[in-house]
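Please open the model in your viewer and keep the selection tool at hand, as this tour moves from one selection to the next.

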Amino acid sequence: MAQTSAAAERGQGGGLQAVRSGAGSDMRDTDIRSQYKAVRSATSALAASISAEDQMVQSCPEASPMKWHQAHTTWFFETFVLRPFVKDYKPFREEFRWLFNSYYNSLGEEIPEKSLRSAFSRPSLDEVLAFRTYIDRAMDRFLSSGIDEEATRRTVLGLNHEQQHQELALTDIKHAFFSNPLPPSYKAAPFSDDMELPVSKLGWHRFIGGLIEIGHPLQAADPLDFCFDNETPRHKVYLEPFQITNREVTCREYLEFMADEGYTRPEFWLSEGWDSVKQAGWQAPLYWRRDAGDKTGWRVFTLRGWHGLSALLDTPVCHISFFEADAFARWKGCRLPTEAEWESVASQTPPRGNLLDTGGLHPAAARGGGVEQLFGDCWEWTASAYTGYPGYKALPGALGEYNGKFMSGQMILRGGSCVTPPGHIRATYRNFFPPATRWQFTGIRLAS
Ligand SMILES: [Fe+2]
């Protein structure tokens, strides 16, 4: 479970809006100040509609309370930017240095148990919000002062880190509301899917493969050219000819797997996956519950409350583990794509889709053409284990713990989800979670 917890802290998501390369330092300061304000405001907006009590809930081991997300993202700027770079900086409260640390052991102080975060009734939400304001003012003064390259890199990393936590906060509040006997909705709005166009028929796109390059071509001289360290170095990969499906697997298709006794036939399952099915009693995706009142026999919990599955049959199946994605693919006589195959296809497409800015907060049906849903909707499990690329080097110092130390026992996911902030995802972005993880917005694309 430690790996699940660590992955959850680190979060997921990608880069900010592209900032022009080679900008002068004045332009750089203006860009980074405005981006800082935009990202911090976006976090506040996500938390604004839920109460102080809602912000205390931690309903599963992977999750953290919204109040903690608000404090921890602020801690990141204080710890990695203000304390080391601002002369005579006075911390908001000295104890926050260890209280809101997530997993950075190199900082040398004891880190509170993750499971205790819902016990943090002190500091109050008001004090956490005052902490945010204090850091925002200090950061604004600092960012106006002509900061150096390393401080710029850390600030940009802090903004990307905060966007990861925006996605996590929504993922966590979904589980919190699902666990509440009153099942509140995060957003009270019906789905208004455009039913006039039919859902795209499941089909295949062929690729010839060959020698390709994957990974982010980072311009090391530009501190605003951001990617996470695990996306580098760019390197060559040889691909055999392959094909992938034009869209993600729908709830309707997943229901066929369930109706064919997919959860009770061991021939489709990896050994560890079969153990998970038996131990956890999996019979359906995480947020599905039996409901005789819906003609499918199921209802689904969303950030917009409960809905009969019949209204969501053409939307991508979501909140499934790697093991379920892999078993479905075997049942279909296919497999999951490797991350190199996925990236070779996705790098030909702009990173747009059903992301957080659509306001849908749920995967939407594919109703277009070509290879759809590469970005947004659901993170797509790949057949690739999370390891370092050839020549990978973690960042120096405590920030080297951000990604590199999790390179065991986890699988790669690609493409972002319906709660990934826009501008925060790209073709080279590598998310990773342990294979039994289900609380994320995770789905399936097939390959063969
Ligand atoms: Fe974090």
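Select histidine 424 together with glutamine 163, and you will find their side chains in a polar contact at 2.8 Å (a pair of N or O atoms within 3.5 Å, where, within protein, one must be able to donate a hydrogen and the other to accept it, and residues adjacent in sequence count only if both atoms are side-chain atoms). This is a predicted model, in which local features need pLDDT of at least 70 and side-chain atom pairs count only at pLDDT 80 or more, while totals for chains, interfaces and linings use all residues. Residues are numbered from 1 along each chain as its sequence is written, and side-chain values use heavy atoms, with hydrogens and water left out. Histidine 424 has a relative accessible area of 0% and is therefore buried (under 20% relative accessible area, with exposed meaning over 50% and partly exposed in between, for a 1.4 Å probe and protein chains only).

Histidine 424 sits in the loop between S9 and S10, and these strands (DSSP runs of E of at least two residues, numbered from the N terminus) can be selected next. They belong to an open sheet of 4 strands with mixed pairing, in the order S10-S9-S8-S11; two strands pair if DSSP finds at least two bridges between them. S10 (431-433) and S11 (442-443) stand at the edges with a single partner strand each, so one side of each has no neighbour in the sheet. Now show S8 (residues 379-385) and S9 (residues 411-414), which run antiparallel and are joined by 3 bridges; glutamate 380 has arginine 414 in S9 as its bridge partner.

Turn next to the cysteines. How many disulfides are there by the rule used here? The count is 0, a disulfide being a pair of cysteine sulfur atoms within 2.5 Å. For cysteine 251, which is in no disulfide, the nearest cysteine sulfur is that of cysteine 318, 8.1 Å away. Cysteine 251 counts as buried, at 5% relative accessibility.

The volume of the largest cavity is about 60 Å³, where a volume is the space filled by probe spheres set on the points, and grid points are joined across faces, edges and corners.

Notes:
On a 1 Å grid over the protein atoms alone, a cavity is a set of points where a 1.4 Å probe fits but cannot get out, and a pocket is an open set with protein on both sides within 12 Å along at least five of seven lines; lining residues have an atom within 4 Å of a point.
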